[in-house]
Amino acid sequence: MERRTHLRDFGCIACDVLEQVGVGKEGWLVENPSLLITLKSNYLAFARISLILILSWKNDSFSSSSPVKIRPSLSSTEEGEITVIQWLISDDLRILALGASNGYLLIYSICRR
C-alpha cells in the first residue's frame, strides 16, 4: 500500500518587494538569520532590522493590493532593531506586535480600507 502525503499548496509569495527584506533568492533563509517571519490566517509578515513587510492573500492567491510596509523609527543602534515579531489574536482586528532590542514594544493595527 502506497503511503499518502496529506500536504496542500498554501500559496505563492513571489513578488518584487520581497527583495527589500532579503527574501526571494536562493538561500535567503541561510543568508539572513536576522530575518523574522510570522503567519496569521491570511497574512504573512517579514521583519528585518527596521522594515516590516506584510503580504495578504485570500482563497490561495495573493490579493491585488500592494504589500503593507512599516518602517518603525528604529533607525540607529541607540534606538535598537526589531528582534521579535508576532501577530496578536483578535476576532476582527489584525494586530502586529514588534519587540526591539532596546526594550521597546511597538504595536500596529493593520487596517485596509
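Modeller: Gladly! Let us begin with pairing: two strands pair if DSSP finds at least two bridges between them. Here, Trp 87 stands opposite Leu 96 in E7. Please keep in mind that we are looking at a predicted model.

Colleague: Thanks. How many helices and strands does the protein chain have?

Modeller: There is 1 helix, along with 8 strands. Going along the sequence, the pattern reads α-β-β-β-β-β-β-β-β.

Colleague: And how do strands hold on to each other in general?

Modeller: Strands of a sheet pair through backbone hydrogen bonds, in either a parallel or an antiparallel way. In this model, E6, E7 and E8 form an open sheet of 3 strands, in the order E6-E7-E8, with antiparallel pairing. E6 and strand E8 (105-109) are at the edges with a single partner strand each, so one side of each has no neighbour in the sheet. From one strand to the next, the twist averages 20 degrees.

Colleague: Over how many bridges do E6 and E7 pair?

Modeller: They pair over 6 bridges, in the antiparallel sense. The two strands form a hairpin, and 6 residues lie between them. Besides the Trp 87 and Leu 96 pair, you can look at Ile 85, whose bridge partner in E7 is Leu 98.

Colleague: Which strand is joined to E1 by a hairpin?

Modeller: That is E2, reached through 2 residues. E1 and E2 run antiparallel and are joined by 5 bridges. Within this pairing, Leu 39 stands opposite Leu 44 in E2. E2 is mostly covered, too, with 5 of its 6 residues buried.

Colleague: Let us turn to burial. What share of the residues in the protein chain is buried?

Modeller: Of the 113 residues in the protein chain, 31% are buried. The accessible surface comes to about 8,200 Å², and 50% of that belongs to carbon and sulfur atoms.

Colleague: Is Lys 40 buried or exposed?

Modeller: Buried means under 20% relative accessible area, and Lys 40 has 19%, so Lys 40 counts as buried. You will find Lys 40 in strand E1 (residues 36-40). Setting aside residues up to four places away in sequence, Lys 40 touches Trp 87, Leu 88, Leu 93 and Arg 94.

Colleague: What tends to happen to nonpolar side chains?

Modeller: In soluble globular proteins, they tend to be buried together. The largest nonpolar core in this model has 12 residues: Tyr 43, Ala 45, Ala 47, Ile 52, Ile 54, Ile 70, Ile 82, Ile 85, Trp 87, Leu 96, Leu 98 and Ile 110. At least two residues of this core come from each of strand E2 (43-48), strand E3 (51-58), strand E6 (82-88) and strand E7 (95-100). Apart from it lies another core of 11 residues, including Leu 18, Leu 35, Leu 44 and Leu 55.

Colleague: Which residues is Ile 110 in contact with?

Modeller: Leaving out neighbours within four places in sequence, Ile 110 is in contact with Ile 54, Ile 70, Trp 87 and Arg 94.

Colleague: Now for the rings. How many aromatic pairs are there?

Modeller: The count comes to 1 aromatic pair. Tyr 43 and Trp 87 have ring centres 5.9 Å apart and planes at 50 degrees, so the pair is tilted. Because Tyr 43 lies in strand E2 and Trp 87 in strand E6, the pair ties together parts that are 44 residues apart in sequence. Tyr 43 is buried, at 10% relative accessibility, and Trp 87 is buried as well, with a relative accessible area of 5%.

Colleague: Where is Leu 51?

Modeller: Leu 51 is in strand E3, and at 8% relative accessibility Leu 51 counts as buried. Although 30 residues separate Leu 51 from Val 21 in sequence, their C-alpha atoms are 7.1 Å apart in space. Not counting residues up to four places away, Leu 51 touches Gln 20, Val 21, Phe 46, Lys 69, Ile 70, Arg 71 and Ile 82.

Colleague: What share of the contacts with a separation of 6 or more is between residues 24 or more positions apart?

Modeller: In the protein chain, such residues account for 40% of those contacts.

Technical notes:
Residues numbered from 1 in each chain as written. Predicted model: local features only at pLDDT ≥ 70, side-chain atom pairs only at ≥ 80, totals over all residues. Heavy atoms only, no water. Helix = DSSP H or I, 4+ residues; strand = E, 2+ residues; numbered from the N terminus. Buried < 20%, exposed > 50% of the residue type's maximum accessible area, 1.4 Å probe, protein only. Contact = heavy atoms within 4.5 Å. Core = buried A, V, L, I, M, F, W, Y, C linked by side-chain atoms within 4.5 Å. Areas by Shrake-Rupley, 256 points an atom, 1.4 Å probe, with all protein chains shown as cover. Axes fitted to C-alpha atoms, helices over the stretch in contact; angles between N-to-C directions. Phe/Tyr/Trp six-rings, centres within 6.5 Å; stacked < 30°, edge-to-face > 60°.
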